[in-house]
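Subject: Structure handover

Hi,

Here is the structure I promised to pass on.

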Amino acid sequence: MPVAPGTRRSRQRAAPPPDRTPPVLPPPGDANTGTIPRVVTGRRRTVLVLLAVVAVLSAAGLVAGLLSWAPEPPEPPRAASADERARLDAMRVTNYRDLRAGVHVTAGTGGARVELVGWVDWSRALAYLDVGGPGAGPERGLLQATPTVAVLRPDPGAVPTPAPPPLVPPTDRWRLHELPAGRGPAPLLDLLFSLAADRRDPAGDPAAVRWVGRDTVEGEPVDILQAPPPGSPSPPARDGGQRHWLDRDARLHRLETRLPGTGPVTVTLNRTNRPTLRPVDALGGRPGLPRALEPAEQDRLDRLPARLRARGGATVTLTAPVGTATNLRGAGWVDWRGRITYLTVADVGVPDRRTLLRRAAGRTTRLPVPAGTVGGTAEAPARPPLPPPARGWRADPARDDVAVLLDLALRAGAAPPEGTARRIRGDSLAGQGVDVVEVRTARTVLRYWIDRTGLLRRLELRTRPGTWAQLDLRPGPVPRLGGPAPARPTAGASGR
């Protein structure tokens, strides 16, 4: 049926067919920003690819460089410059002027290793050390030494690793000790004392001194200089001689060397840890400022004999390091009115024996007895029995240091020759202030410890080995000691 123009069907036929192609949506960024997306051209893509390749190659090169990096080779050893030789020449004077330093010495290897920790005072030629290490042996303990004499406070039970000793040293158990030559602490002490001198000491042949490297010690740059040991005439081998870690001010911080019979030795110095050292009594006690006696001090010295005789006597304690194998301890009395001394004497090296000793009328008599007869210990023997035994005494004609000390005690501080006395220092003993007065004669060096009341509290004698023997006194009444004991003569000294 024909449809008339303008009807609904004719209108539908006239509409175009719908577009079935999916729409192209803009990128989200463009939708949010309203920008037109950029078109990457071929040239731009090539540039980006090249940049990526370069980045990858650079990273690979960096990794390879890190894996193959090595530090620059050290500067090879060379002859020391004039400035370096001058600093080495001045090293010992610098140590002497610096007075003191802390020290840590390691010597030897393995089970023979010895370690010393403490201080050295070059100005007073004194070392104060704790001796340890597996090779310390009988020297384990505290040690004080000068270039000529050493006193030891043995401590066999101490831990092998040493530690700095107490600044105020213990007062007991010190004994004169002979250090074995060429081993143990002996060569190490010689090395420490040789590091200082009061004048420049040229190192010898300039060609023998070599610069071998640089280092840093406690943040301070140092040069390592190698030179022959003092007194060695020939240049060291490339790996021989002593190596010194020396700073710009000619201060030594470290020393490496080898010693015959000891092996490798390393000395480390602490230039900031340098306290004032106090020698023990066996080495003379702490230093003072000697001066002439003031009138009051001279008066107390002059009146000393009369004051002591008025007291009658004193209880005494003897400490006498008179030989490297003879360290005596004693206890007893001195009677100034009867002019007699009577003591028990023990040698710490012979703990099972005691000797009764009497000094009267200018002669010495001795009576050896078993340790159990008297009591006490070798370090602190008991006073002798009263009344004294009547038999067994033997005369001892030897005038040793102990006999001299007891004679001086019996003279009760007889006035010394004019001008021979001087005050060494003020000190204290048993809580009392004293003046230490030294009297030098042609034969002896004697020290009186006189308290402020004018009484004698200690008598000291310089012994032949260079130590000090002490006789401590507590003035007061004493028991009746009787006359000289009968004795039969004997050849030489006995009873020690």
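Arg 92 is found in helix H4 (residues 82-98). Arg 92 counts as buried because its relative accessibility is 10%; buried means under 20% relative accessible area, exposed over 50% and partly exposed in between, with a 1.4 Å probe and protein chains only.

Before you go further, a word on the basis. This is a predicted model, in which local features need pLDDT of at least 70 and side-chain atom pairs count only at pLDDT 80 or more, while totals for chains, interfaces and linings use all residues. Residues are numbered from 1 along each chain as its sequence is written, and side-chain values use heavy atoms, with hydrogens and water left out.

The overall picture: the protein chain has nine helices and 23 strands. These are DSSP runs numbered from the N terminus (helices are H or I with at least four residues, strands are E with at least two). Of the chain's 496 residues, 44% count as buried. Among contacts with a separation of 6 or more, 55% are between residues 24 or more positions apart.

Leu 405 gives an example of such a pairing. It sits in helix H9 (residues 401-410) and counts as buried because its relative accessibility is 1%. Leu 461 is 56 residues away in sequence, yet the two C-alpha atoms are 6.4 Å apart. Beyond four places in sequence, Leu 405 is in contact with Leu 461 and also with Leu 318, Leu 459, Glu 460, Ala 469, Gln 470 and Leu 471.

Now the helices. Helix H5 (residues 185-193) is mostly covered, with eight of its nine residues buried; among them are Pro 185, Leu 188, Leu 192 and Phe 193. Helix H6 (residues 295-302) packs against helix H7 (residues 304-311) at about 45°, with the axes 4 Å apart. (Axes are lines fitted to C-alpha atoms, for helices over the stretch in contact, and angles run from 0 to 180 degrees between N-to-C directions.) That angle makes H6 oblique to H7. At this contact, Arg 300, Leu 301 and Asp 302 of H6 meet Leu 304, Pro 305 and Arg 307 of H7.

Last, the pockets. A pocket here is an open set of points on a 1 Å grid over the protein atoms alone, where a 1.4 Å probe fits, with protein on both sides within 12 Å along at least five of seven lines; lining residues have an atom within 4 Å of a point. The largest pocket holds about 660 Å³ of space, a volume being the space filled by probe spheres set on the points. Its lining has 30 residues, and Thr 171, Asp 172, Asp 281, Thr 319 and Arg 458 lie nearest the centre. Strand S13 (313-323) is one of the strands supplying at least two lining residues, and S13 gives the most, with four.

The second largest pocket has a volume of about 480 Å³. It is lined by 25 residues, with Leu 283, Gly 284, Gly 285, Arg 447 and Trp 468 nearest its centre. Here strand S19 gives the most to the lining, with three residues.

Cheers

How values were computed: Angles under 35 degrees count as roughly parallel, over 145 as roughly antiparallel, 65 to 115 as roughly perpendicular and the rest as oblique. Contact means heavy atoms within 4.5 Å.
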